[in-house]
Amino acid sequence: MLLLAAVLFCCSAMPVSAKNSSASKPASTRNDADGDGVKDKRDKCANTPKGVAVSADGCPLDGDKDGVPDYQDKCPRYAGTTAMFGCPDKDKDGVADNVDV
Ligand SMILES: [Ca+2]
Ligand SMILES: [Ca+2]
């Protein structure tokens, strides 16, 4: 019971200190935890690595829409699989088409 009270106290006190620390930051990084320029409220991918190009909803761009973001996609212009790092593997032999002979 004592522990529960401590947890409640800790968490109810948290937003106040968080508010204070964010107020001292420049407006451009305020409420944007990953610093991609999309505010956390609208950011559907709040943990985008630094320097990655993102869409309006804050998610990394995925030009070929294969579910592998361009920055991790070895074949950003061809829809592929996650296992092949975004490259297609038409014959499903585990070797991506771009290196398969
Ligand atoms: Ca963001
Ligand atoms: Ca791809």
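Here's a quick briefing on the chain shown above, from its overall make-up down to a handful of residues. Keep in mind that this is a predicted model. As for contacts with a separation of 6 or more, residues 24 or more positions apart account for 0% of them.

**The helix and what follows**

- Helix H1 covers 2–23, and asparagine 47 is found in the segment after it.
- Serine 55 has its place in that segment after H1 too.
- Lysine 65 also lies in the segment after H1.
- Cysteine 75 is another residue found there, after H1.
- Phenylalanine 85 sits in the segment after H1 as well.

- The C-alpha atoms of asparagine 47 and cysteine 59 are separated by 8.8 Å, with the two residues 12 apart along the chain.
- Serine 55 is partly exposed because it has 13 C-beta neighbours inside 10 Å.
- From serine 55 to valine 38, 17 residues apart along the chain, the C-alpha separation is 8.8 Å.

**Positive phi values**

- Lysine 65 has phi near 55°, which is a positive value in a residue other than glycine.
- Lysine 65 is exposed because 7 other C-beta atoms lie within 10 Å of its own.
- Phenylalanine 85 is another non-glycine residue with positive phi, again near 55°.
- With 13 other C-beta atoms within 10 Å, phenylalanine 85 comes out as partly exposed.

**Cysteine 75 and its surroundings**

- Is cysteine 75 buried or partly exposed? Its 18 C-beta neighbours inside 10 Å make it partly exposed, because the buried label needs 20 or more.
- What does cysteine 75 touch, leaving aside its neighbours within four places in sequence? The contacts are Gly80, Gly86, Cys87, Pro88 and Asn98.
- One of those contacts, cysteine 87, is 12 residues from cysteine 75 along the chain, and their C-alpha atoms are separated by 4.9 Å.

- For C-alpha pairs, look up asparagine 47 with cysteine 59, serine 55 with valine 38, and cysteine 75 with cysteine 87.

Technical notes. Residues are numbered from 1 along each chain as its sequence is written. Chains are lettered from A and ligands numbered from 1 in the order in which they are written. This is a predicted model: local features need pLDDT of at least 70, side-chain atom pairs count only at pLDDT 80 or more; totals for chains, interfaces and linings use all residues. Helices (H or I, at least four residues) and strands (E, at least two) are DSSP runs, numbered from the N terminus. Two residues are in contact if their C-beta atoms, placed from the backbone, lie within 7 Å. A residue is buried if 20 or more other C-beta atoms lie within 10 Å of its own, exposed if 12 or fewer, and partly exposed in between; C-beta atoms are placed from the backbone.
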